[in-house]
Amino acid sequence: MAKNLFIRGFRIDHAAPAYSESYLSKIPVLRHLDTFEFRKKVTFFVGENGTGKSTILEALAVSSGYNPEGGSKNFNFATSDTHSNLYRAMRVVKGIDRPRDVFFLRAESFYNLASNIDEIGDPLFLEQYGGRSLHEQSHGESFLSLMLHRFRGNGLYILDEPEAALSPSKLMTMLARMHELVNQHSQFIIATHSPMLMAYPNADIYVLAEGALKKTLYEDTEHYIVTRHFLEDPKKMLHYLLD
Ligand SMILES: Nc1ncnc2c1ncn2[C@@H]1O[C@H](COP(=O)(O)OP(=O)(O)OP(=O)(O)O)[C@@H](O)[C@H]1O
C-alpha cells in the first residue's frame, strides 16, 4: 500500500447488518468489493449512472469524519438524512500522516454548503471562500473559489462530480489547480463523468461496470471513446442518433 497517502484503502464487511440488510447488497459492484487499495495521489471512480460511485465516496467521507452533505470536518449541517449506511460496514485504512486540510464536495448539496457558510457569518471564515458569499457567485465561480482559496494543500479532497458547474475552460483551471495541490502533498478521490478531468496524468481510473471495479487506461474508458467519436464527426453521430 502507498504509505504516503492519507487514505490507503478500505475494506467492506459484507456480513455487517448495515450492509446485508439494506439496498447496498443489491449494488453489483459492492457485492464483489472486499478490499480496495489506493495507489496514486489522484484516483477517479467512473462508470454509468447508478453504479455506486457516490455511495462509495460518501461512505469514505463519512468514515473519515466528514459531514455526509459535504464540507470540511467543521461542518455538521444536515438538510436531509439520505446518506447510506455503507460507512458502518466500511473500514478505512489510513496512512501514517494525517491531512492538514480536508474537504468533501458533492455537487448535489453544494447549495446547502453555501448556506451554511453564510449562516456561520464570520468574515475571516468567508475569506477562505474568496471573501464573498458563495450564493453571490455563480455555481462555477463558487466551486473555483473553493479550489483556489479554501483548499490549502497537504489535503484530502473527496469530490463527487466536481465538473457539474464548470465550463471546459474552467475545468482546465481546475486541472491546473489540482496539479498544484497534488504537488503540495494532497490526495484526491474523485467520482466523475468528465473525460477532460480524468485525463489528469499519473492518476488511477477505476471503472465501475459489470459488477466490478476495474482499473482502466484513460483511452479505454467509454467516456474518452464516446466523446472522441462524437467530436470527430458530430454530424455523423447526430444523423445516426436522430434519424
Ligand atoms: N436511499 C436509497 N434507497 C434505495 N436505493 C438507493 C438509495 N440511494 C441510492 N440507491 C441506489 O444505489 C445505486 C447507486 O447509487 P449512486 O448514487 O451511488 O450511483 P452513482 O454511480 O453515483 O450514479 P450517478 O453517476 O448517477 O451519480 C443506484 O442504483 C441507486 O438507485
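Two strands count as paired if DSSP finds at least two bridges between them. A second open sheet holds six strands, with mixed pairing. Overall, the secondary structure of the protein chain amounts to ten helices and nine strands, and a ligand is surrounded by residues that include Gly50, Lys53 and Ala191.

**Confidence and overall build**

- The average pLDDT of the protein chain is 85, and 81% of the residues score at least 70.
- For the model, ipTM is 0.93 and pTM is 0.88.
- Where pLDDT is low, the predicted coordinates should not be read in detail.
- The protein chain has 243 residues, of which 37% count as buried.
- Among contacts in the protein chain with a separation of 6 or more, 74% are between residues 24 or more positions apart.

- Three bridges link strand β1 (residues 7-12) with β2 in the antiparallel sense.
- Within this pairing, Gly9 stands opposite Glu37 of β2.

**The six-stranded sheet**

- The strands of this open sheet follow the order β5-β6-β7-β3-β8-β9.
- Its edge strands are β5 (101-106) and β9 (212-215), each of which pairs on one side only.
- From one strand to the next, the twist averages 15 degrees.
- Strand β5 is mostly covered, with five of its six residues buried.
- Six bridges connect β5 with strand β6 (residues 155-160), and the two run parallel.
- Val102 has Leu156 as its bridge partner in β6.
- Strand β3 (residues 42-47) is joined to strand β8 (residues 204-209) by five bridges, again in a parallel arrangement.
- Opposite Thr43 stands Asp204 in β8.
- In a regular strand the side chains alternate between the two faces of the sheet.

**The ligand shell**

- Which residues surround the ligand? They are Tyr23, Ile27, Gly47, Asn49, Gly50, Thr51, Gly52, Lys53, Ser54, Thr55 and Ala191.
- By residue type, the shell divides into three nonpolar, seven polar and one charged.
- Helix α3 (residues 53-63) supplies the largest share of the shell, three residues.

**An exposed loop position**

- Asp97 is located in the loop between β4 (90-94) and β5.
- Is Asp97 buried or exposed? Asp97 is exposed, because 12 other C-beta atoms lie within 10 Å and a residue counts as exposed at 12 or fewer.
- Between Asp97 and Thr227 there are 130 residues in sequence and 39 Å in space, C-alpha to C-alpha.

Conventions
Residues numbered from 1 in each chain as written. Predicted model: local features only at pLDDT ≥ 70, side-chain atom pairs only at ≥ 80, totals over all residues. Near = placed C-beta within 6 Å. Helix = DSSP H or I, 4+ residues; strand = E, 2+ residues; numbered from the N terminus. Nonpolar A, V, L, I, M, F, W, Y, C, P; charged D, E, K, R; others polar. Axes fitted to C-alpha atoms, helices over the stretch in contact; angles between N-to-C directions. Buried ≥ 20, exposed ≤ 12 C-beta atoms within 10 Å, placed from the backbone. Contact = placed C-beta atoms within 7 Å. pLDDT = per-residue confidence, 0-100.
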